[in-house]
Amino acid sequence: MIVVMNHGAGEDDVARVTDKLKDMGYGVHLSSGENRTIIGVIGQRREEAAQTLEAMPEVEQVVFVTRPFKLAGREFHPDDTVIDLDKASIGGNELIFMAGPCAIEGEEQLLEAARAVKEAGARVFRGGAFKPRTSPYSFQGLEREGLQYLNQVRDETGLLIVTEVMDQFTVGEVAECADIIQVGARNMQNYYLLRELGKIRKPVLLKRGLSATIEEWLMAAEYILNGGNYQVILCERGIRTFEPYTRNTLDLSAVPLVKQLSHLPVIIDPSHGTGHSNLVPAMSKAAVAAGADGLMIEVHPNPQEALSDGPQSLTPQQFRQLINELKGVALSVGRLM
Ligand code: PEP
Ligand code: MN
């Protein structure tokens, strides 16, 4: 249920209503738009609460939210969520580009990749220290050593850092290093992890699960939002279908659909979405045309030697060219870059 406050309701009015709700045992989430404040109310016995609230003069109306995702939905928060980071914002008019290798392999590889993607126009550097690999025999990531190299990248290049956290026990360590914390597709429904991420105050990039419906994905976001962390970025990275020519099937219809259902920023990962570097440029352009707020792209100084996901990684030069080619698409859909 959401409580729509009157136009011009001040802080005191909002406090009176939220105090009343808390007294009645409800969870409360505030969303202050440009013109008015909306209060999200979580709890049972809604009809009873609605009657009490509607009698309060500060309240314009009480609306029952029909979708199962309450805080992630547009009903609760009609305006787009824009996540403001020090050097970039995500979900506004400007597109965001996150790029870097799948896995952190060493200091030299990482710095080389970081300098190249920065020069090409990326604002956020990606690189996995904790790697969720399908096979236990594959390279498992440099873990803590990798986080140190990411710190070096930030210090040297000033790029923002996005990196994956695999479990609830390492959230603190990863959050210390990362500007944005990534939840991988395999962990989208790890509810202990999602709850832990709800407690911190750093943006979380939540990838869509390998076979998750859009509703399941938004419900996963709801776990983080319900903890009080409102900075969630959704990332579509392809879903499992019967088609073997691509690694996954990139669901681009998710972009306009999720934009209708939710206020959260949506970005596209065409690297995992296709599994092939030669498909990445076309799908990147399609993603921007479809309304995505940005892209996450794997870039490796030497994809043939990559310890993880080489076949889907662009070279720095291919990435530079792609960013150049995207300018026209961005212009045609009114996005800045
Ligand atoms: C990754 O970003 O390197 C990754 C493991 O992605 P996903 O969780 O989408 O498979
Ligand atoms: Mn990868």
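What radius of gyration would a compact globule of 337 residues have, and what does this chain have? The globule would come out near 20 Å, and the chain has 21 Å, so the two agree. Keep in mind as you look around that this is a predicted model.

Let's start with the overall outline. Along its principal axes, the C-alpha trace spans about 65 × 45 × 40 Å. Within that space the chain forms 11 helices and 14 strands. It is divided into domain 1, covering residues 2-63, and domain 2, covering 83-332. The C-alpha centres of domain 1 and domain 2 lie 36 Å apart.

Of the 337 residues, 53% are buried. The chain exposes about 14,700 Å², and carbon and sulfur atoms supply 49% of that area. As for charge, you will find 33 positive and 44 negative side chains, with the centres of the two sets 2 Å apart. Contacts also tell you how the chain folds back on itself: among those between residues at least 6 apart in sequence, 68% join residues at least 24 apart.

Finally, let's visit one residue. Lys 131 sits in the loop between strand S8 (124-126) and helix H4 (144-157). Is Lys 131 buried or exposed? Its relative accessible area is 7%, and because buried means under 20%, Lys 131 counts as buried. Leaving aside residues up to four places away in sequence, Lys 131 touches several others, including Cys 102, Arg 126, Met 166 and Ser 308. Leu 257, by contrast, is 126 residues along the chain from Lys 131, and their C-alpha atoms are separated by 30 Å.

Technical notes
Residues numbered from 1 in each chain as written. Chains lettered and ligands numbered in written order. Predicted model: local features only at pLDDT ≥ 70, side-chain atom pairs only at ≥ 80, totals over all residues. Heavy atoms only, no water. Helix = DSSP H or I, 4+ residues; strand = E, 2+ residues; numbered from the N terminus. Rg over C-alpha atoms; globule rule 2.2 N^0.38 Å. Buried < 20%, exposed > 50% of the residue type's maximum accessible area, 1.4 Å probe, protein only. Contact = heavy atoms within 4.5 Å. Areas by Shrake-Rupley, 256 points an atom, 1.4 Å probe, with all protein chains shown as cover. Lys, Arg positive; Asp, Glu negative; His and termini not counted. Charge placed at Lys NZ, Arg CZ, Asp CG, Glu CD. Domains from an automatic or database assignment.
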